[in-house]
Amino acid sequence: MRETDFVSGFARGLKVIEAFGETHQRLSITEASKLAGLDRATVRRSLLTLAELGYADYDGKFFTLTPKILRLGHAYLSATPLPLQIQPHLDQLSEKAGQSASASVLDGSEIVYIARASQRRVMSINLTPGSRLPAYCASMGRVLLAALPESEARAILGRTELKQNTPNTKTDPEDLIAEFRRIRSKGYAIIDQELEIGLCSIAVPVENDRGQTVAAINIGAPAAHAPASEMAERYLPLLHETQKALRLVLK
């Protein structure tokens, strides 16, 4: 892309929107500036523009996003058939497993949930379509990273804050690369309380009819109910069944 084609003001506005999240629902200009990594004047103009256009509310001190912002995410969900194609299969998977099932895609160093069927809440955070998690410590993230060329996976790890979420979390890049190789060999990933204590999950890649990995699906369960050592025996056949069905419908 030519430098003259890049609209820097638009890019800065998007960074300001991305500063909001589940733990940052109300932001002052100073807080948004720090989170977005931009100067206060730029952030102030962006926030006031969002408020003027109806994408944010402003009470004189704090800004909050309005439901109108959902139009931006809905544009993606409407433009791609993937979430709609996966959701009914995910509902069936969750029903058969008696556990929550999810689907996600890779976006940089994170996974983005595009569909979810929840039997019960298994994490402290509420996961819905649009939610994000670090790829390196999530079962779907590891499946998606394992599907990439190793050099690309290494580059993503290099840009990732490899945080020790629990005592079980793998944070050494070489350990993670070795794990990706095992995942490619076995065809699935299991997370044993690396993202959050008490949560285990198992994931497989979702491929289209040309064999390209386009997403990942998983089943998450409380460790007390389904320890990591039993995840493959309990849930892998159901995941393979869903994986096979999706390959027939995804183009």
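Start by selecting residues 100–107 and 213–222: these are strands β4 and β9, which run antiparallel and are joined by five bridges. Keep in mind as you go that this is a predicted model. Now pick out alanine 101, and across from it you'll find isoleucine 219 in β9.

Next, widen the view to the sheet around this pair. It's an open sheet of six strands with antiparallel pairing, and if you walk across, the order is β6-β5-β4-β9-β8-β7. Where does the sheet stop? Select 132–134 for β6 and 189–192 for β7: these two stand at the edges. Each has a single partner strand, so one side of each is left without a neighbour in the sheet. Look along the sheet too: on average, neighbouring strands are turned by 30° against each other, ignoring direction.

Time to zoom out. Colour residues 3–72 as domain 1 and 80–249 as domain 2, the two domains the protein is divided into. How far apart are the C-alpha centres of domain 1 and domain 2? They lie 31 Å apart.

Last stop: a pair of helices. Select α1 (residues 8–19) and α3 (residues 40–52), which pack with their axes 9 Å apart at an angle of about 80°. An angle of 65 to 115 degrees counts as roughly perpendicular, and α1 and α3 are therefore roughly perpendicular to each other. To see where they touch, show the side chains of Arg12, Gly13, Val16 and Ile17 on α1, then Thr42, Val43, Ser46, Leu47 and Leu50 on α3. Colour the residues of this α1–α3 contact by type and you get five nonpolar, three polar and one charged.

Conventions. Residues are numbered from 1 along each chain as its sequence is written. This is a predicted model: local features need pLDDT of at least 70, side-chain atom pairs count only at pLDDT 80 or more; totals for chains, interfaces and linings use all residues. Side-chain values use heavy atoms; hydrogens and water are left out. Axes are lines fitted to C-alpha atoms, for helices over the stretch in contact, and angles run from 0 to 180 degrees between N-to-C directions. Helices (H or I, at least four residues) and strands (E, at least two) are DSSP runs, numbered from the N terminus. Angles under 35 degrees count as roughly parallel, over 145 as roughly antiparallel, 65 to 115 as roughly perpendicular and the rest as oblique. Contact means heavy atoms within 4.5 Å. Ala, Val, Leu, Ile, Met, Phe, Trp, Tyr, Cys and Pro count as nonpolar, Asp, Glu, Lys and Arg as charged, and the others, Gly among them, as polar. Domain bounds come from an automatic or database domain assignment. Two strands pair if DSSP finds at least two bridges between them.
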